[in-house]
Amino acid sequence: MNTPVLTMSERHCIESGAWFSKLSPALRSAILARSHVRRLADGATLAARGSAAEDWCGVAAGAVRISSVSLAGKQVTLTYAEPGSWFGDIALFDGLPRTHDANAHGPTTLVCVRKPDFKALLASHVELYDALLRLNCRRLRLMFDQLEDLNTRPLRARLARQLLQLARRHGRQRSGEILIGLALAQEDLAQLLGASRQRVNQELKRLEREGAVRVEPTRLAVLDRDSLLAIAR
């Protein structure tokens with residue numbers, strides 16, 4: 001059985017990632033040398049809430065849906081780990097079970113470092129401690145920003161801000177517009193915003209009438225970034 005390897009484009013996504021690219025060449029090489037490649041079909045489970053933490057992962061292609069289940073039994077999406085991002089280190093540090101479910105969103109390729117190799121990297125590269133500390137500080141700041149948005153901004157502003165973030169992380173330019181590459185149903189977008197699908201649908205239609213976005217069945221295109229920026233502010 002052949003061992004999966006990264007394609008050139010997948011390797012580029014990892015190496016050009018905002019966090020990974022700032023590591024020293026020695027540490028980058030050491031991480032990749034201790035990693036293995038996993039390919040997951042759309043919807044495949046990577047980790048379940050309450051399961052033991054075994055891997056630290058980087059997304060090389062596709063996306064990983066991080067979600068939880070509400071008290072009412074409804075699946076709620078918290079975020080999507082996009083290409084170039086890394087996750088799973090917190091549970092490897094504290095030794096506690098996974099706090100959320102993780103599933104592939106579309107065909108997904110991961111670079112995974114097993115727990116013993118992760119510990120070995122920490123032992124041999126002190127730089128990794130500082131780098132992961134900075135990464136988790138950024139996650140914490142983003143979480144505080146999201147909490148502030150939820151409590152202080154109207155849905156229209158939160159939606160505009162979310163669309164801008166999706167365009168920045170997953171967008172590609174096409175004939176003067178930005179096509180968001182991450183396929184999201186309106187229910188997925190509503191979960192990210194902590195709102196009902198009906199209200200998000202109403203706001204999207206309003207933005208579409210204003211010429212700021214175009215709504216496709218499972219994708220969105222940003223037509224007027226400046227309008228979204230004004231609304232988000």
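Let me begin with strand E8, residues 108–114, in this predicted model. Of its 7 residues, 6 are buried, so strand E8 is largely enclosed by the rest of the structure. Here, buried means under 20% relative accessible area.

Which strands are joined to E8 by bridges? Strand E1, residues 35–40, is joined to E8 by 6 bridges, and the two run antiparallel. Within that pairing, Ser35 has Val113 of E8 as its bridge partner. Strand E3, residues 55–61, is likewise joined to E8 by 6 bridges, again in the antiparallel sense. In this second pairing, Cys57 stands opposite Cys112 of E8.

I turn now to another part of the chain. An open sheet is formed there by 4 strands, in the order E9-E10-E12-E11, with antiparallel pairing. Its edge strands are E9, at 171–174, and E11, at 213–215, each of which pairs on one side only. On average, and ignoring direction, neighbouring strands of this sheet are turned by 25 degrees against each other.

Strand E9 pairs with strand E10, residues 177–180, over 4 bridges in the antiparallel sense. Gly171 stands opposite Ile180 in E10.

Which helix packs on the sheet, touching E9, E10, E11 and strand E12? That is helix H6, residues 155–170, whose direction makes about 85 degrees with that of E10. Helix H8, residues 197–209, lies across E11 and E12 and runs at about 125 degrees to E11.

These elements lead us to the nonpolar interior. In soluble globular proteins, nonpolar side chains tend to be buried together. The largest nonpolar core in this model has 29 residues, and those with the most contacts inside it are Leu163, Ile180, Leu189, Val200, Leu207 and Leu228. At least two residues of this core come from each of H6, E10, helix H7 (186–193), H8, E12 and helix H9 (225–232). The element that gives the most is H6, with 7 residues.

Not counting residues up to four places away in sequence, Val200 touches Leu155, Leu159, Gln186, Leu189, Ala190, Leu193 and Ala195. Ile180, already mentioned opposite Gly171, is also listed among the residues with the most contacts inside the core.

Finally, there is a second, separate core of 25 residues, which includes Trp86, Phe118, Leu121 and Leu122.

Key. Residues are numbered from 1 along each chain as its sequence is written. This is a predicted model: local features need pLDDT of at least 70, side-chain atom pairs count only at pLDDT 80 or more; totals for chains, interfaces and linings use all residues. Side-chain values use heavy atoms; hydrogens and water are left out. Two strands pair if DSSP finds at least two bridges between them. Axes are lines fitted to C-alpha atoms, for helices over the stretch in contact, and angles run from 0 to 180 degrees between N-to-C directions. Contact means heavy atoms within 4.5 Å. Buried means under 20% relative accessible area, exposed over 50%, partly exposed in between (1.4 Å probe, protein chains only). A nonpolar core is a set of buried Ala, Val, Leu, Ile, Met, Phe, Trp, Tyr and Cys residues joined through side-chain atoms within 4.5 Å.
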